Amino acid sequence: MGGEPLGTGSAVPRGRRRGVPDGGPFRVKARVMEPDDMRRALVRIAHEIVERNKGTDGLVLMGIRTRGAPLAQRLRDAIASFEGVQVPVGALDVSLYRDDVGLRGPRGLEATTVPGNLDARIVVLVDDVLYTGRTIRAAFDALLDLGRPRAVRLAVLVDRGHRELPIRADFVGKNLPTATSEVVRVRVAEIDGEDAVLIGEGAGEATG
Amino acid sequence: MIPQHLLSIDQLDETAITRILDTARGLRSVTDRPLKKLPTLRGRTVCNLFYEPSTRTRVSFELAAKRLSADVINFQADARSSVSKGESLKDTAWTLEAMGVDALVVRHPSSGAAAQLSRWVRARVINAGDGRHEHPTQALLDLFSMRERFGTLAGLKVVIVGDIAHSRVARSNVKGLVTMGADVTLVGPPTLVPPQVESWGAKVSYDLDAVLDDADVCYLLRVQRERLGAPAFPTLREYAALWGLDRARAARLKPDALVMHPGPINRGVEIAADVADLPRAVILEQVANGVAVRMSLLYLMLGGAEEPPGGGR
């Protein structure tokens with residue numbers, strides 16, 4: 001869940017790292033995706049998911065809270081527009097499975113929703129930013145407590161590099177070379193009132 | 001802001017209570033699914049330090065801690081423990097802390113015991129009932145149960161009936177409900193309604209029948225025979241007739257009104273045997289919600305940084 005700390009429109013207040021200065025307020029350096037760019041990237045990913053799966057059989061989309069959840073719904077809508085099928089969509093809150101519980105303040109929780117049984121399904125995890133890979137590792141644990149999918153795939157809007165775990169995405173909207181000092185924020189209309197991908201600095205606590 | 005120790009509901013403002021209840025809501029879905037275990041508090045140790053008998057509070061805290069993968073120690077101060085050899089609360093707490101306990105959940109017959117304990121130890125202290133003072137986690141689970149049913153607490157009409165004077169549950173509930181904007185009326189025998197209650201922000205009535213029709217929640221307190229010294233009312237039968245919720249009174253409640261009770265219930269005293277089994281009596285729902293609310297608290301209090309700021313001996 002990279003790039004979303006302190007999002008002003010966030011539904012749930014985020015925990016702050018205790019005693020660590022956050023580098024001041026977020027300052028935007030560049031807008032790297034506009035609403036049309038995001039829409040095109042998501043439509044392409046939707047096509048790739050269906051192509052790779054040879055149809056929609058057994059597909060389930062699970063968005064990772066917070067901003068992966070609306071992105072998963074948009075992928076569902078895109079797939080419905082060209083396949084005529086509503087793929088089941090759920091949402092996963094991975095806060096309780098993170099490996100940094102105890103290193104930073106506790107995060108607010110949102111509900112995990114599961115669209116039926118996940119056993120033997122093809123689950124596509126959807127997140128906004130892929131960064132360290134630790135959010136995805138936590139998502140694996142959260143997912144496997146809910147069932148035993150036949151396969152798990154990963155779709156992200158932005159891959160900003162700097163992995164700390166051997167994890168890669170199957171579907172990527174945009175590869176974005178960044179410095180670790182930079183902060184990537186994805187803004188989505190459902191939560192933030194606009195669609196955009198921003199690079200900036202400060203207020204950084206990217207975790208994804 | 002979630003406090004380092006939870007000693008009184010006074011420490012929680014509306015934002016903090018909302019945060020605890022929202023988090024509990026996320027956790028409630030876990031308690032309803034087949035695999036109920038979460039890895040969140042692996043390696044943390046929670047000690048239940050109980051100087052009074054308890055079933056639901058102790059089991060509820062134990063289950064909450066275990067579902068978050070914390071290790072749990074249950075310490076019951078009775079003839080089998082060193083308390084019977086004269087060990088003080090302070091020495092007992094220091095002994096437990098020396099073994100590496102991260103949180104102490106304390107129930108004690110003396111008001112203020114939890115607050116005193118929090119000045120002696122580095123571990124987080126959660127008050128699970130201290131004398132006639134407070135029982136904040138009971139209030140939180142009651143607030144959660146009401147909010148789940150009605151959607152909001154603001155403007156909710158809650159009538160709390162019974163022994164207000166000796167009830168830590170009433171004290172915590174009134175303050176929590178008032179913080180959240182509910183409209184609270186306390187009803188009971190004049191001998192058991194302390195004079196200062198109006199400073200808590202609640203109304204007072206001595207006529208149950210006059211306040212029932214309008215109530216969204218009728219919250220019955222247990223008649224605590226163990227805390228009543230000189231009899232405050234002549235007989236249990238008289239109490240039941242004047243202050244008990246019987247069939248006839250329950251029938252006058254609004255269609256969607258709830259009957260609540262912190263347990264354990266005295267059937268036939270504060271609540272008629274068959275009223276306790278009505279669909280509107282959500283006593284077991286309160287118990288189930290208690291686990292989620294305590295998970296929420298343990299997560300919010302122990303899920304942060306290792307070293308609490310300040311504190312210690």
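This is a predicted model: local features need pLDDT of at least 70, side-chain atom pairs count only at pLDDT 80 or more; totals for chains, interfaces and linings use all residues.
Which residue of S3(B) does B:Cys47 stand opposite? B:Cys47 stands opposite B:Leu104 in S3(B).

Residues are numbered from 1 along each chain as its sequence is written, while chains are lettered from A and ligands numbered from 1 in the order in which they are written.

## Strands of chain B

Strand S3 of chain B covers residues 103–108, and six of its six residues are buried. A residue is buried if 20 or more other C-beta atoms lie within 10 Å of its own, exposed if 12 or fewer, and partly exposed in between, with C-beta atoms placed from the backbone. B:Ala103, B:Val105 and B:Arg107 point one way from S3(B), B:Leu104, B:Val106 and B:His108 point the other way, and all are buried.

Strand S5 of chain B (residues 157–161) is largely enclosed by the rest of the structure, because four of its five residues are buried.

Two strands pair if DSSP finds at least two bridges between them.

| Strand | Partner | Sense | Bridges |
|---|---|---|---|
| S3(B) | S1(B), residues 45–50 | parallel | five |
| S3(B) | S4(B), residues 124–130 | parallel | five |
| S5(B) | S6(B), residues 183–187 | parallel | five |
| S5(B) | S8(B), residues 217–220 | parallel | four |

B:His108 stands opposite B:Asp130 in S4(B). B:Val161 has B:Val187 as its bridge partner in S6(B), and B:Leu220 as its bridge partner in S8(B).

From S5(B) the chain crosses through helix H6 (residues 168–179) of chain B to S6(B), in a right-handed β-α-β crossover. Right-handed here means that, with the strands pointing away from the viewer, the path from the first strand over the helix to the second runs clockwise. S3(B), helix H4 (residues 113–118) of chain B and S4(B) also make a right-handed β-α-β unit.

## Two domains in chain B

The domain assignment of chain B gives domain 1 (9–134 + 288–302) and domain 2 (136–287). Such bounds come from an automatic or database domain assignment. Taken over C-alpha atoms, the centres of domain 1 and domain 2 of chain B are separated by 25 Å. The contact takes 25 residues from domain 1 of chain B and 25 residues from domain 2 of chain B. Two residues are in contact if their C-beta atoms, placed from the backbone, lie within 7 Å.

On the side of domain 1 of chain B that touches domain 2 of chain B, helix H1 (14–31), S4 and helix H10 (283–302) of chain B each supply at least two residues. H10(B) provides the largest share of that side, six residues. By class, the side has ten nonpolar, seven polar and eight charged residues. Ala, Val, Leu, Ile, Met, Phe, Trp, Tyr, Cys and Pro count as nonpolar, Asp, Glu, Lys and Arg as charged, and the others, Gly among them, as polar.

## The nonpolar core

In soluble globular proteins, nonpolar side chains tend to be buried together. A nonpolar core is a set of buried Ala, Val, Leu, Ile, Met, Phe, Trp, Tyr and Cys residues joined through C-beta atoms within 7 Å. The largest one here has 146 residues, and those with the most contacts inside it are A:Leu75, B:Leu104, B:Cys218 and B:Leu298. H10(B) gives the most to this core, with ten residues. Domain 1 and domain 2 of chain B both give residues to this core, so it lies between them. Not counting residues up to four places away in sequence, B:Leu298 touches B:Leu41, B:Val46, B:Ala64, B:Ala65, B:Leu68, B:Ala70 and B:Ala103.

## A loop residue

B:Thr191 is found in the loop between S6 and strand S7 (203–205) of chain B. B:Thr191 counts as partly exposed because it has 13 C-beta neighbours inside 10 Å. The C-alpha atoms of B:Thr191 and B:Ala165 are separated by 8.3 Å, although these residues are 26 residues apart along the chain.

## Chain A

The secondary structure of chain A comes to four helices and eight strands. Of its 208 residues, 44% count as buried.
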